[in-house]
Amino acid sequence: MANINLLTIHWGKCYGAVMQTYATCKLLEEAGHKVNVINLIHPSVKNAYKRCRRWVDLFREFQFYLFKKNYFSHLTTKTYSVEFDKLPPTDYYVVGSDQVWNRDITKPFYLDYFLQFVPNTAKRVSLSSSFGKQIWNEEDEITNQVALELKKFSAISVREDSGVEILQNTFALTATQLPDPTIGYGKFEQLLPNRKEKHQLFTFLFKNTPETRAIVESCAKELHVPIHKNSRFNIYLKNGPIDWLSNIANSEFVITDSFHGLALSLIFNKQFLVLCADERKFTRLESLLRLVGLENRYVKSYHDFEVMKMELLKPIDYSNVNKILDSERKRYNHFIKQNIK
């Protein structure tokens, strides 16, 4: 058994961030290791509860706090900068998953997420780290700083094929492509002991436009499925990570432009459509759709939906998809077994 200090993106009220952190902890624990999550908090969410203007926002903040407290392995003391001397003794430093190597998100901590604070003699492993973009477009000074840190890793895995290409073409390094840990773990049923599927269409969308709403309404009409709408009570009291997970698992159909919305839809074998919130960040959704052979579930526009809706709304045959997901889980566990001992 190894002691592991894990650095990942878990801060803020982000469903995907807490689910991927939970999955990473579970994968490492099931491999026999002890995990400490480095509780590095981005300044943008410092004292977020003080900015809550309504009690409903404060309650949602509390729901995320409870999930982290109950389901993350061991959170170190909250910090707004990495203080190495205060971290627990460890055998490995692991970074990942999520967009830990996207400076647009991690700044001002971008070098910390390349484990710059770790002693040169320490073992470093990257677990499904993501650049969150298709090409490396940083200035030379930053590229040189990152290159220096990357060379110290004993093993590197990244979430997308584009990440493998960035490491090879920019840093002359070989990396393994692994899926997001939510896919690698996959066992979220245990968080939903009272699962009960409902006849409804659930949407989880970052981009809410008239065209997006038209696609949702047209889809619901074609499928004869009502759109999920939170009651006032649920908006106030059932808006935490478990509630979000339950809404995906218990719905008949899901429409999302979120990477983790897609990942959990696959895990729960949901019928779904994927929209695009941001072309620059779509590479990670595209990579996952390509992996499971479901590129045809991507809708670019309302016009495309109307033209192709008969094909788009055909039920997904999950027999082959589940074989692929099972194979990816085995690869994930093999990578951990080979590189963390």
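Colleague: Is Cys 25 buried or exposed, and what is its relative accessible area?
Modeller: This is a predicted model, in which local features need pLDDT of at least 70 and side-chain atom pairs count only at pLDDT 80 or more, while totals for chains, interfaces and linings use all residues. Residues are numbered from 1 along each chain as its sequence is written, and side-chain values use heavy atoms, with hydrogens and water left out. Buried means under 20% relative accessible area, exposed over 50% and partly exposed in between, with a 1.4 Å probe and protein chains only. Cys 25 is buried, with a relative accessible area of 0%.

Colleague: What is the strand order of the open sheet?
Modeller: Strands (DSSP runs of E, at least two residues) and helices (H or I, at least four) are numbered from the N terminus; two strands pair if DSSP finds at least two bridges between them. The edge strands, E2 (34–37) and E6 (176–177), each pair on one side only. The six strands, with parallel pairing, have the order E2-E1-E3-E4-E5-E6.

Colleague: Which residue in E3 is the bridge partner of Ile 4?
Modeller: Strand E1 (residues 3–7) and strand E3 (residues 92–95) pair in the parallel sense over four bridges. The partner of Ile 4 is Tyr 92.
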